[in-house]
Amino acid sequence: MKIDLNNYFPNYQLIDCGNGKKLEKFNNIVLIRPEITATGNSQLSIKEWKNIANAEFIETSKNQGYWDILKNFKQTWFINYQNEQININAELRLTNSKHIGIFPEQVLNWLFIKNISENYPDMNFLNLFGYTGLTSIAAARFSKSVTHIDSIKKVVDWTKINAKNSGIDNIRLICEDAPKFVEREIKRTAKPPTNLNNKYDAVILDPPPIGVGANNEKWILNKMLDKLLQNIALILKEKSFVIMNLYSHSLNKNYVNEIIHKNFPKHKVKLNEEVFSLSKYGNTISHSTFIHLEN
Ligand SMILES: C[S@@+](CC[C@H](N)C(=O)[O-])C[C@H]1O[C@@H](n2cnc3c(N)ncnc32)[C@H](O)[C@@H]1O
């Protein structure tokens, strides 16, 4: 599926991409960042990019590097997303990885949550690998409670700031290894009397290919996804929905379909597609495979 994110998220624009990089606008700040899926040629020259951009991330090793400031600007700024009840005020920062606190393509998940939420009054929502919490904030508008899990304290603190700036106070923030949290939740749910409060109407997971838990636990997507999905199935309510973002270049599609059907046999696949962003000039980058399941 090819989409122009600017139509969904007016304060964000993919201006151009190519030669392993992307040129993006977040509110009024323009950045150049590495992008492995930007395989073709860009429309504008790198000189033109640098004339427009405020900063470029120079990668020195995988996901590590520094920002070359091209035009002075306040390096903590905000981007707002609004759609009916959803109001997200996200603080953006230049970090020493190329990430800045937002994955704008997640807007597709925010809209799915908004559209489906009327079937889930008093929703209990779980966000695993939640990063700076923008999906937790989107879900919070439609939920009784959102539980947000990430292993890095800095991003959990960042989520707290984003939630406050977005007027949200029903997010439970937990700094923990995501698979460990789910295992503990299974035990808590199984304790008699069965405590339905620990079961969820919805789970979203956006696991990185490789990650680290709060106590240095190793996360390896290809090896550990199946077990994590098995465990998630045990903490879902009978009627529920699941959202996943999976990086297709590191996982075999047939295998993903197999483990989805094995672990969520009663859920229907509403979406299972690689999403590409169209730039202003029509060239594309790939995000990941978006999977939406509902029973
Ligand atoms: C790709 S980001 C998620 C993006 C997020 N869904 C969003 O929309 O902004 C991956 C996140 O997983 C976290 N993470 C990595 N390994 C983890 C683990 N074992 N347990 C919990 N969180 C982990 C990272 O700290 C990072 O914030």
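A: Strand β2 is joined to strand β3 (residues 21-26) by 6 bridges, and the two pair in the antiparallel sense. Here two strands pair if DSSP finds at least two bridges between them, while helices (H or I, at least four residues) and strands (E, at least two) are DSSP runs numbered from the N terminus. This is a predicted model, in which local features need pLDDT of at least 70 and side-chain atom pairs count only at pLDDT 80 or more, whereas totals for chains, interfaces and linings use all residues. Residues are numbered from 1 along each chain as its sequence is written.

Within this pairing, E24 of β3 is the bridge partner of L14. The two strands belong to an open sheet of 5 strands, which has mixed pairing and runs in the order β2-β3-β4-β5-β6. Its edge strands, each pairing on one side only, are β2 (12-18) and β6 (64-69). From one strand to the next, the twist averages 20°, with axes being lines fitted to C-alpha atoms (for helices over the stretch in contact) and angles running from 0 to 180 degrees between N-to-C directions.

Turning to the helices, α6 (residues 178-190) packs against α7 (residues 221-234) at an angle of about 30°, and their axes are 9 Å apart. The contact involves P179, V182, E183 and I186 of α6, together with M224, L228, N231, I232 and L234 of α7, where two residues are in contact if their C-beta atoms, placed from the backbone, lie within 7 Å.
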